[in-house]
Amino acid sequence: TKCESSCVCADGLYENLDGKCVAAEECPCEYGGLAYGKGEQIHTECEICTCTKGKWKCVQKSKCSSTCHLYGEGHITTFDGQRFVFDGNCEYILAMDGCSVNRPVSSFKIVTENVVCGKSGVTCSRSIIIYLGNLTFILRDETYTISGENPGVRYNVKKNALHLMFDIIIPGKYNMTLIWNKHMNFFIKISRETQETVCGLCGNYNGNMKDDFETRSKYVASNELEFVNSWKENPLCADIYFVVDPCSKNPYRKAWAEKTCSIINSQVFSACHNKVNRMPYYEACVRDSCGCDIGGDCECMCDAIAVYAMACLDKGICIDWRTPELCRKF
């Protein structure tokens, strides 16, 4: 309503995030709440994007894959990047194909069995079952078993000190890499050769996170609990109606949880901070460390930190964060 004196940039210059006037060519870009300078790149699983004049210019990769994360006490990041958390004591379908009305035959189905792992009611993924026609993998008790046969599927199992890895090829359809830390973290990396519809708690893998809460009945749920309940493998399990806040239930654990999880915000991970937004991982770590109160406290915290470390590794940043005192390898 009135004129106020202030500093303005000269014609043809623009204010950057540091308050300096720069030419358009020097304008930064924003992604995930972080600023990137001219010429900096971000790599997603499908695109390479370069910051140019304040805007991202993206080039599609020749091979496109996407990863769904199930970690800790019911945290999921879908193939399209939607995040949510749930506390359901049941078996749930993580991912499967054959979801469309036109092609109802499924070539794979991945199921997680969740059980209560804290007095506050939080749940953990304890076992994973992978159905590939007549071939079945069961991941449980830090090991795995394979039963049945399917000549139409090729697979290879690799292991190291921390993980079991399964490379699965369904020719003409999918290449999958499944990574399990033999505890609560499970990753499904999938590359498909067709536009086959995928569904389950990992979402529909169509590049749009806004419709990821698509239920088994083919409508988009209004909230994650309605969505999760629709993907129960056993319909006799009780529905879930709320998500536990374990730090409110166990306030005496909150200070310890925040202190131990602060490594995510520390200099140890500084090289990754501008590549992967750390706050969702820190908040998940605090939540899990508050909730995992029936033994294995540190294991829950270590699993949560490891998820951030793996997200950094996906961006090409390898962090050697484990020590003999904190989450040692063996």
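The legends below describe close-up views of a predicted model.

**View 1. The interface of domain 1 and domain 3.** About 430 Å² of area is buried between domain 1 and domain 3, and carbon and sulfur atoms give 35% of that area. Zero salt bridges are counted between the two domains, while one residue pair, with both residues at pLDDT 80 or more, is found in polar contact across the interface.

**View 2. The salt bridge of Lys38 and Glu26.** Seven salt bridges are found when the whole structure is searched, and one of them joins Lys38 to Glu26, with 3.4 Å between the closest N and O atoms. The two residues are 12 residues apart and belong to distant parts of the chain, Lys38 sitting in the loop between β4 (34-36) and β5 (41-43) and Glu26 in the loop between β2 (21-23) and β3 (29-31). Lys38 counts as exposed because its relative accessibility is 51%, and the cut-off for that class is over 50%. Glu26, with a relative accessible area of 41%, is partly exposed.

**View 3. The salt bridge of Arg140 and Glu113.** In this view the side chains of Arg140 and Glu113 form a salt bridge, with an N to O distance of 3.5 Å. Arg140 belongs to strand β14 (residues 135-140) and Glu113 to strand β12 (residues 109-116), so the pair ties together parts of the chain that are 27 residues apart in sequence. Both partners are partly exposed, Arg140 at 35% relative accessibility and Glu113 at 25%.

**View 4. The salt bridge of Asp167 and Lys158.** The side chains of Asp167 and Lys158 meet in a salt bridge, the N to O distance being 2.9 Å. Asp167 has a relative accessible area of 21% and is therefore partly exposed, given that buried residues are those under 20%. Lys158 is likewise partly exposed, with a relative accessible area of 38%.

View 5. Asp141, a residue other than glycine, has a positive phi near 55°. Asp141 is placed in the loop between β14 and β15 (143-147), and with a relative accessibility of 67% this residue counts as exposed. Lys218, which is not a glycine either, has a positive phi of about 75°. Lys218 lies in the loop between β20 (198-199) and α1 (224-230), and its relative accessible area of 36% makes it partly exposed.

View 6. Leu139 is located in strand β14 and counts as buried, its relative accessibility being 0%. When residues up to four places away in sequence are not counted, Leu139 touches Arg126, Ser127, Ile128, Ile130, Tyr144, Phe166, Trp180 and Phe186. For Trp180, which is 41 residues from Leu139 along the chain, the separation of the two C-alpha atoms is 8.3 Å.

View 7. Met301 is part of helix α5, which spans residues 297-314, and is buried, with a relative accessible area of 3%. Leaving aside neighbours within four places in sequence, the residues in contact with Met301 are Thr260, Cys261, Cys285, Ser289, Leu326 and Cys327. Met301 and Cys312, which are 11 residues apart in sequence, are 17 Å apart from C-alpha to C-alpha.

Methods. Residues numbered from 1 in each chain as written. Predicted model: local features only at pLDDT ≥ 70, side-chain atom pairs only at ≥ 80, totals over all residues. Heavy atoms only, no water. Salt bridge = Lys/Arg side-chain N within 4 Å of Asp/Glu carboxyl O. Helix = DSSP H or I, 4+ residues; strand = E, 2+ residues; numbered from the N terminus. Buried < 20%, exposed > 50% of the residue type's maximum accessible area, 1.4 Å probe, protein only. Buried area = accessible area lost by both parts, 1.4 Å probe. Polar contact = N/O pair within 3.5 Å; in protein donor to acceptor, adjacent residues only side chain to side chain. Contact = heavy atoms within 4.5 Å.
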